[in-house]
Amino acid sequence: MNSIASYPSDAASAADAGEFPLAGTERRYRGLVEAAPDALVAINASGEIVLANAQAGKCFNYFPDQLVGKKIGRIIPDGFAALLVAGLDHPADGAAGTKGVAPLELTGRREDGSTFPIEVAVARSLDGSGMLITSSIRDISTRKADDVKLRRQVEELERSNEALAQFAYVASHDLQEPLRTVALSVARIAEKYAGVLDTEAERCIALAVGGTDRMHHLIDDLLSYSRIGAGDTELPNSSSEAALAEALLNLCSAIEEAHALVTHDTLPVVRADPGQLTQLFQNLIGNAIKFQGGGVPHVHVAVAKDGEGKWAFAVSDNGIGIDARNSDRIFGMFQRLHRRADYGGTGIGLAICKKIVEHHGGTISVESEPGQGSTFRFTLDQEST
């Protein structure tokens, strides 16, 4: 190879043209080339390799000196090789796009003819004999194999989730019917033998009724949890105020019974499934009403824009509060902090809230202290335009 020239006097104009003159001595340049982590090869206007580092030899199973003098088309696709040469012959026209080409994924060819995936980035340079094209080449076989493995895992997970959702739907349908039969039979026994059965029998009937009722709610909650995200496409623009109104309508009995006061800011339009957004508000406000220490529940829904272009909601209450040690645990499936006799429920409500928010690309958290109420915070995307 000709000696690497120092910067020519017109280096500034060459840089302006998108060319990159090589500086320093040939020894220094070769040291940098050999220290590069990727394969580096340089070609001249004839398409011949005039420089190849040790990494290039390892990449293509050649001794580096074996590559020098060979046509670049021997190790990369002929079409791309021709483009590189065209860039040298016509540096002013579009064919010389090599100066700004982003790394491309191509197929490399080893000495034995076997092929493998490579990523190639190119740049123009000058040496004493004229223009050169230097290519930085990386073997991406491992990355491609990892991509395939990840793709298969994602596909398997999608199939598993679909099967789980289908199972939950079938199981809920198949379980609900025998539950209704049990509940109806127990109710008939209680009605027919009212005043005849002893206290123990009446207690057993009450336990059976309560058990079937809890199982009914548990099945409904599991089905709701499994359906979140299933079959969704583009999330629509939805009024969060309308979703809150629907949730309050669903909670009207609980609100009236507890004499609860629910207030809210003016709420925005967000990108969300309207049914899931209603369920999110309903679960959070329902919990706020349920977990009270005997006072009148007061719940407020606030909203503001955060620094990341999302709407940040806060649902605050004056309830019994939560120990900070349990702030993450409460979002898990079947996580209960209190006895069922004290506070009913299936232990899935907040897990559903978490799945809904995360399905919408947001986050959910809680700030609370025992006896000081709780504030549940979650984020949702602004409406799309």
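How many of the eight residues of strand 13 are buried? Six of the eight are buried, so strand 13 is mostly covered, where buried means under 20% relative accessible area, exposed over 50% and partly exposed in between, with a 1.4 Å probe and protein chains only. The model is predicted: local features need pLDDT of at least 70, side-chain atom pairs count only at pLDDT 80 or more, and totals for chains, interfaces and linings use all residues. Residues are numbered from 1 along each chain as its sequence is written, and side-chain values use heavy atoms, with hydrogens and water left out. Helices (H or I, at least four residues) and strands (E, at least two) are DSSP runs, numbered from the N terminus.

- Five strands make up an open sheet of mixed pairing, in the order 8-10-11-13-12; two strands pair if DSSP finds at least two bridges between them.
- Strand 8 (261-264) and strand 12 (364-368) are the edge strands, each pairing on one side only.
- From one strand to the next, the twist averages 15 degrees; angles run from 0 to 180 degrees between N-to-C directions, and axes are lines fitted to C-alpha atoms, for helices over the stretch in contact.

**Strand pairs**

- Strands of a sheet pair through backbone hydrogen bonds, either parallel or antiparallel.
- Strand 8 and strand 10 are parallel, with four bridges; Val-262 has Val-299 in strand 10 as its bridge partner.
- Strand 10 (residues 298-305) and strand 11 (residues 310-317) run antiparallel and are joined by seven bridges, and Ala-302 is bridged to Ala-314 in strand 11.
- Strand 10 and strand 11 also form a hairpin with four residues between them, and Gly-309 in the turn has a positive phi of about 75 degrees.
- Strand 11 pairs with strand 13 in the antiparallel sense over seven bridges; the partner of Phe-313 in strand 13 is Phe-378.
- Five bridges link strand 12 and strand 13, again in the antiparallel sense, and Glu-367 is bridged to Thr-375 of strand 13.
- The hairpin of strand 12 and strand 13 has five residues between the strands, with Gly-371 in the turn at a positive phi of about 80 degrees.

**Helix 10 and its neighbours**

- Helix 10 lies across strand 8, strand 10, strand 11 and strand 13 (374-381), and runs at about 175 degrees to strand 13.
- The axes of helix 8 (residues 240-250) and helix 10 (residues 274-290) come within 8 Å and cross at roughly 55 degrees.
- That angle makes helix 8 oblique to helix 10; under 35 degrees counts as roughly parallel, over 145 as roughly antiparallel, 65 to 115 as roughly perpendicular and the rest as oblique.
- On the helix 8 side, residues in contact (heavy atoms within 4.5 Å) include Ala-243, Leu-244 and Ala-247, and those of helix 10 include Leu-277, Phe-281 and Ile-285.
- By class, the contact of helix 8 with helix 10 has eight nonpolar, four polar and one charged residues; Ala, Val, Leu, Ile, Met, Phe, Trp, Tyr, Cys and Pro count as nonpolar, Asp, Glu, Lys and Arg as charged, and the others, Gly among them, as polar.

- Ile-348 is in the loop between strand 11 and helix 11 (349-359), and is buried, with a relative accessible area of 0%.
- The C-alpha atoms of Ile-348 and Ile-330 are separated by 9.2 Å, with the two residues 18 apart along the chain.
- Buried residues of helix 11 are Leu-350, Ala-351, Ile-352, Cys-353, Ile-356 and Val-357.
- Gly-361, which follows helix 11, has a positive phi near 80 degrees.
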